[in-house]
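Hello,

Here is the structure I promised to pass on. Have a look at it first, and my notes follow below.

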Amino acid sequence: MADPMAMRRAVAGYVEGIHRAYVQQASTFPPAVRGRMPLLAAGRFTVVAAGARNLHVLATTEALGPLRGEEVELPGALDGMDWTVRFYDPVVLPALGLIDEGEAPRPAEVRGCLGISTVLYHLVTQPGSGLSPHHAGHVGSGLASGHSAAARDFDTLRSRARGREALVDEMQGAAVAGLARAQMLLARAIAPHNAAVGEAVDAALRPGADLDPDGVRRVLVGALGGTAASTVGAF
């Protein structure tokens, strides 16, 4: 039987690898862009490692309260980021064992089980083989690329949605908090009469569809005459 603490340290090392790659990728961006990237702007946050059938790794600025019962956490820090990895499995949190991931991961159900409503990122991987340093580096650089592209897109939107800057600010806040539906509804409010934006939002919110706030944001940028930022290197 695998040593539980050894597995926790492996997950904590994977998280640190993601954050190290994130910082390295962020160092290639202008200072103001770095300052708006969610993990760097947050300063201190919690990373939850929740084991259902899949391993869910999600970062949040929401407080989880003091440790209770068999809960375990490990601290981490790197170049201005300060985080704690807290671990949950069906033994610590029995409700995780009731989530059926036989056909596909259920990130929304995992977040609901944890009581977390806003995330800085939510990754899903397989325990063990999916925790390699190479994979962590790929995920971290891709995450940074996506976050920086979003920051640049919101700057473009502010310059083109005159009189609606407050809505753009709300949309960016929703993006930082990981509120997908709120982002898309705000996109519609920013461009209420644009057919392309309306169609993109309707398609993304259709029952059973994959929520794609990044795709809707890119459509919105194009609808206002801008060019969406590249996410080269994103996973």
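Let me start with Asp79, which is exposed (over 50% relative accessible area, with a 1.4 Å probe and protein chains only), at a relative accessible area of 62%. Asp79 sits in the loop between strand E3 (72-78) and strand E4 (81-88), and its phi is near 45 degrees, a positive value in a residue other than glycine.

A word on the basis: this is a predicted model, where local features need pLDDT of at least 70, side-chain atom pairs count only at pLDDT 80 or more, and totals for chains, interfaces and linings use all residues. Residues are numbered from 1 along each chain as its sequence is written, and side-chain values use heavy atoms, leaving out hydrogens and water.

Helices (H or I, at least four residues) and strands (E, at least two) are DSSP runs, numbered from the N terminus.

Next comes strand E1 (residues 44-51): 7 of its 8 residues are buried (under 20% relative accessible area), so E1 is largely enclosed by the rest of the structure. Strands pair if DSSP finds at least two bridges between them. E1 pairs with E4 in the parallel sense over 7 bridges, with Val47 opposite Val85 in E4. E1 also runs antiparallel to strand E2 (residues 55-60), joined by 6 bridges, and here Ala50 stands opposite His56 in E2. The link from E1 to E2 is a hairpin of 3 residues.

I hope this helps you find your way around!

Best wishes
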